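The sequence and the structure come first.

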Amino acid sequence: MRIKYITIPSGNIAEEETFFVKFLGFKHTGELELWPNVHCKLLSNNDTDIHVAIIPGRCMLNQKSVIILNTENCLKQYHEIIKNGVVFNHKPYYVSAGMIAEFTDKEGNQFILLEERSYTEEEEAWKMC
Amino acid sequence: MENVLKLSNENRICSSKLTYKNVTEVNNNFSLHVNFDGNEKFVLNKKKLRLFPHTFLAINPGTLYSDIIDSGSPVQKLSISFGKGFMDDFKTSFLKKDSSFPDNYGNHLPSQNLAFNETIFPLFGDLKYNIEHLAVLVRSNCKDELLLNEFLYHILLNYYTLYQKDVLFVEESLKDLQFVTRKEIYRRLSLAKEYLYSNFDQKINIYELSTYSCMSATHLIRSFRQAYHTTPHQFLMNIRLKHAEFLLKNTSYPINKIVNTVGLDSPSTFIKLFKIRRKITPLKYRASHHVIK
């Protein structure tokens with residue numbers, strides 16, 4: 001489990017993205033669906049796979065920070081964390097980025113376990129099958 | 001080599017790598033057989049099927065089946081058998097809410113006779129990820145039943161979603177037909193698909209295929225195109241190309257051998273088709289995957 005995305009909440013995602021691209025030299029690297037139908041913009045300014053994720057401000061109503069933890073196996077990690085006594089907000093579920101599970105700490109910070117899954121290549125290949 | 005995990009709720013998971021197996025039995029519980037490498041034969045009642053890598057076969061309870069492996073190289077597979085209580089819990093907790101499922105129309109009690117389609121499906125998407133994770137856990141001798149059952153629940157959910165998507169896709173495409181006719185055509189088209197998955201490495205003619213799927217050749221082609229927006233021939237070529245990709249990634253077979261193995265006639269046709277689909281040549285595709293590995 002490791003931190004891969006640094007989240008930046010914004011009420012105006014397009015404006016925030018322009019700021020990062022124009023003034024800070026970041027490049028747009030993609031999008032990530034973290035909550036159903038909520039897409040975050042991903043930006044990076046180097047070759048590492050650590051990205052800035054601009055998340056919609058409305059997601060921040062009930063929590064202070066959103067920390068995205070990348071994992072190779074979401075269900076297994078979810079199960080291990082549950083065994084340590086953490087209560088998750090939901091059971092793990094599927095979004096277009098892969099599989100996620102969320103929990104909140106006592107301070108109201110939201111933690112997201114994200115197992116990224118690549119569907120496109122396989123699904124394209126089997127689309128006709 | 002065989003790792004078998006029997007869970008206390010009668011779920012059973014078996015990961016194996018075998019060169020020989022010949023078992024005939026009545027399937028007690030709903031089960032999924034996933035092939036990762038090699039090929040395996042199944043006889044289900046009178047149907048003779050072959051299972052190739054990255055496809056899986058669903059078998060309903062009560063089916064008499066034979067599972068046969070007789071191969072020079074080991075066949076790597078994972079079999080999952082879901083206990084009756086586990087299936088009933090799944091149905092009550094999940095299917096009960098879902099009135100769109102054909103077997104569930106007007107029936108909100110746990111359905112005792114809910115039968116999934118006993119056929120071959122390709123392994124992809126979340127089902128593939130979850131099954132691969134489960135295979136790793138089984139090989140590492142994981143004894144944590146809660147964790148294993150969590151995976152089994154998700155695998156069943158993924159399978160159900162895949163099946164339902166397939167049914168609904170065909171239902172939508174054939175919406176002008178009556179419900180009973182749609183259902184029957186779906187069943188026959190599933191037979192045609194399973195024949196193609198099973199025999200893609202052979203020369204297949206449309207008459208064999210139409211006999212297997214109990215339709216005339218013209219009716220089969222027309223219904224197949226209407227239901228899946230492709231012809232049986234294009235569908236077959238897609239399976240062949242997909243299997244060729246697997247061989248390019250996982251073996252060092254020369255192109256000629258791959259072409260023969262997947263049932264194609266000429267290397268030039270294969271290269272042309274591959275380039276159209278992948279936008280690179282087969283050898284460059286192989287090289288890029290070996291570099292990644």
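The points below go from the basis of the description to the sheet, the strand pairs, the helices and the contact between the chains.

1. The model is a predicted one, in which local features need pLDDT of at least 70 and side-chain atom pairs count only at pLDDT 80 or more, while totals for chains, interfaces and linings use all residues. Residues are numbered from 1 along each chain as its sequence is written, and chains are lettered from A and ligands numbered from 1 in the order in which they are written.

2. Chain A holds an open sheet of eight strands in the order E2-E3-E4-E1-E5-E8-E7-E6, with mixed pairing; strands (E, at least two residues) and helices (H or I, at least four) are DSSP runs numbered from the N terminus, and two strands pair if DSSP finds at least two bridges between them. Strand E2 (27-35) and strand E6 (93-95) of chain A are the edge strands, each pairing on one side only. On average, neighbouring strands of this sheet are turned by 35 degrees against each other, direction ignored.

3. Within that sheet, strand E1 (residues 2-10) and strand E4 (residues 51-56) of chain A are paired in the parallel sense over six bridges, and Thr7(A) is placed opposite Ala53(A) in E4(A). Helix H1 (residues 13-24) of chain A packs on the sheet and touches E1, E2, strand E3 (38-44) and E4 of chain A, with a direction that makes about 160 degrees with that of E4(A); such angles run from 0 to 180 degrees between N-to-C directions, the axes being lines fitted to C-alpha atoms, for helices over the stretch in contact.

4. In chain B, strand E7 (residues 64-82) runs antiparallel to strand E2 (residues 12-26), to which 14 bridges join it, and Asn22(B) has Ile68(B) in E7(B) as its bridge partner. E7(B) also pairs in the antiparallel sense with strand E3 (residues 30-37) of chain B over seven bridges, where Val34(B) has Leu78(B) as its partner. Strand E4 (residues 40-44) of chain B is joined to E7(B) by four bridges, again antiparallel, and Lys41(B) stands opposite Ile68(B).

5. Helix H4 (residues 179-199) and helix H6 (residues 217-228) of chain B pack at an angle of about 100 degrees, with axes 11 Å apart, and they are therefore roughly perpendicular to each other (65 to 115 degrees). Ile185(B), Leu189(B) and Ala192(B) of H4(B) make this contact with Leu220(B), Ser223(B), Phe224(B) and Ala227(B) of H6(B); two residues are in contact if their C-beta atoms, placed from the backbone, lie within 7 Å.

6. Val170(B), in helix H3 of chain B, counts as buried because it has 20 C-beta neighbours inside 10 Å, the criterion being 20 or more other C-beta atoms within 10 Å of its own. Leaving out residues up to four places away in sequence, Val170(B) touches Tyr186(B), Leu189(B) and Ala227(B). The C-alpha atoms of Val170(B) and Ala227(B) are separated by 4.9 Å, although the two are 57 residues apart along the chain.

7. Between the chains, 19 residues of chain B are in contact with 13 residues of chain A. Helix H2 (125-139), helix H3 (145-173) and helix H7 (232-250) of chain B each supply at least two residues of the side of chain B that touches chain A, and H7(B) gives the most, with six residues.

Methods:
Angles under 35 degrees count as roughly parallel, over 145 as roughly antiparallel, 65 to 115 as roughly perpendicular and the rest as oblique. A residue is buried if 20 or more other C-beta atoms lie within 10 Å of its own, exposed if 12 or fewer, and partly exposed in between; C-beta atoms are placed from the backbone.
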